[in-house]
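Please look over the model below before reading the notes.

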Amino acid sequence: MTADILARVKEFTEAELLGKEAYFDSRPSVPTPASEKLHAAGLANWWIPAEYGGAGVGLEESVDIVSELSYGDAGFAFSSFLSILGTTMLHLFGERQLAARYLGEMARTGGFCGILVSEEGAGSELGRTATSFTRTGDSLVITGDKYFSTNTDAADFLLVAARSAADESDFSVVLVPRDTEGIEIVRRWDMLGMRGSGTYEVRLHDCVVPASHALSGNGLRLLEAGLNASRTLIAATAIGVSRRIRELSMEYAAGKWVKGVPLVSNSVFIAKLGQIEMLIDVMRNQCRAAGAEFDGILASPVPAASIYRAGTLRTALAAKMYCGQAGWSVATTGSEMFGGLGYTNEHLISKLVRDLRYVGLVEGGDDVIRDLLFSRYVVPAMKRR
Ligand SMILES: Cc1cc2nc3c(=O)[nH]c(=O)nc-3n(C[C@H](O)[C@H](O)[C@H](O)COP(=O)(O)OP(=O)(O)OC[C@H]3O[C@@H](n4cnc5c(N)ncnc54)[C@H](O)[C@@H]3O)c2cc1C
């Protein structure tokens, strides 16, 4: 099944993304028409489980899909897969009817889910979240400012991280339909890269939703469960961008002469490409390992309880941090490859370098990931391996 999907994703990338890099880098209105075409090709939101009408592709196989899309445009890939963070939480921890309604709609329409977690004073340190919910009868009233949120303007629904106004320790994730009164898009950020995606600052003014829209469980733990999926796919974008840099380098080296021979025959160039190949292969293997571990937990008899207990997975943390670093190493080698041209906006490498930088920042920078690896997998001696 996935071989067919992957072949169609490759066709889509060739037809709709390759050659349109300047357009995606121009900060177009989002979603771009390419999102509709992805849906028309039956490929949007490919991971949504079959019980909701989706293709149900697992995370391990999604790594190659994201690598293909990112080969064309990493920003487009990011906006196409980031909903997985919210859909994973909704599927595992949402009330059944709520999940069926919103995930069924996403499978049918190719829509988006926005994730509103980060605040100006609480990005990585979610314990400092100031957005609050108040219970009034059977409703929740949500108020707060969210600093970064991708896809929110076009989303069908939002998953908002908030804490109870009455009890600071009650941290929840709440589904807020996008058409709820009180949602204000403050601005779309002008990002350094990933400009084919849209990330917004959003304000929630007394948004009222039914109390049944709160997902079940501690919100911080639910986020950890969902972040395993999105961090793995953020890592996978580095594979696609690095593969693109490899191809550009090979094309350039065939026509560039150094010391009387084409650069492609030069031993320094050969060593660089050999190094890049090793990095791409290890990135791919680590992302697949993270995907396989996640898929294995979700295939267990009690997936929600199992992933809730597991929390943030070592393989997903390692994939994101490793791919951020390895991808950056490929990007910097790539930018040197094209001489002075590599530092101009005339050459695609400048976009690829800017796009790649996000891997090591979004959903936790390296300092945060190292901290998590230490506290979750080094301090508890029984978890060391
Ligand atoms: C393109 C893009 C899309 C995004 N999309 C979304 C989205 O859809 N939804 C959403 O909620 N957010 C989103 N974000 C926000 C993003 O996930 C956060 O910016 C990121 O997690 C970092 O948080 P922060 O900005 O608060 O910075 P921080 O993590 O607070 O980092 C600031 C500084 O503090 C240091 N620091 C932080 N923690 C530690 C630590 N434990 N040890 C040592 N140093 C530390 C860092 O190294 C850094 O120097 C997006 C951001 C971008 C750029």
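Which polar backbone atom is 3.2 Å from a nitrogen atom of the ligand?

1. The backbone atom belongs to Phe148. A polar contact here is a pair of N or O atoms within 3.5 Å. The model is predicted, so local features need pLDDT of at least 70 and side-chain atom pairs count only at pLDDT 80 or more, while totals for chains, interfaces and linings use all residues. Residues are numbered from 1 along each chain as its sequence is written, and side-chain values use heavy atoms, with hydrogens and water left out.

2. One is 3.1 Å from a polar backbone atom of Glu363. For Asp367, an N or O atom of the side chain is 2.5 Å from an oxygen atom of the ligand. The protein buries 62% of the 960 Å² that the ligand exposes when taken alone (Shrake-Rupley method, 1.4 Å probe).

3. The shell around the ligand holds 19 residues, each with a heavy atom within 4 Å of it. Among the closest are Ile115, Ser124 and Thr150. By type, the shell has nine nonpolar, seven polar and three charged residues (Asp, Glu, Lys and Arg count as charged; Ala, Val, Leu, Ile, Met, Phe, Trp, Tyr, Cys and Pro as nonpolar; the others, Gly among them, as polar).

4. Strand 3 (139-150) and helix 13 (366-378) are the elements that give two or more residues to this shell. Helices (H or I, at least four residues) and strands (E, at least two) are DSSP runs, numbered from the N terminus. The ligand lies between domain 2 (113-213) and domain 3 (219-383) because both give residues to the shell; the domain bounds come from an automatic or database assignment.

5. Two backbone details deserve a look. Val30 and Pro31 are joined by a cis peptide bond, with omega about 0 degrees. Pro31 is in the loop between helix 2 (21-24) and helix 3 (33-40). Asn151, a residue other than glycine, has a positive phi near 75 degrees. The loop that holds Asn151 runs between strand 3 and strand 4 (157-164).

Methods
Polar contact = N/O pair within 3.5 Å; in protein donor to acceptor, adjacent residues only side chain to side chain.
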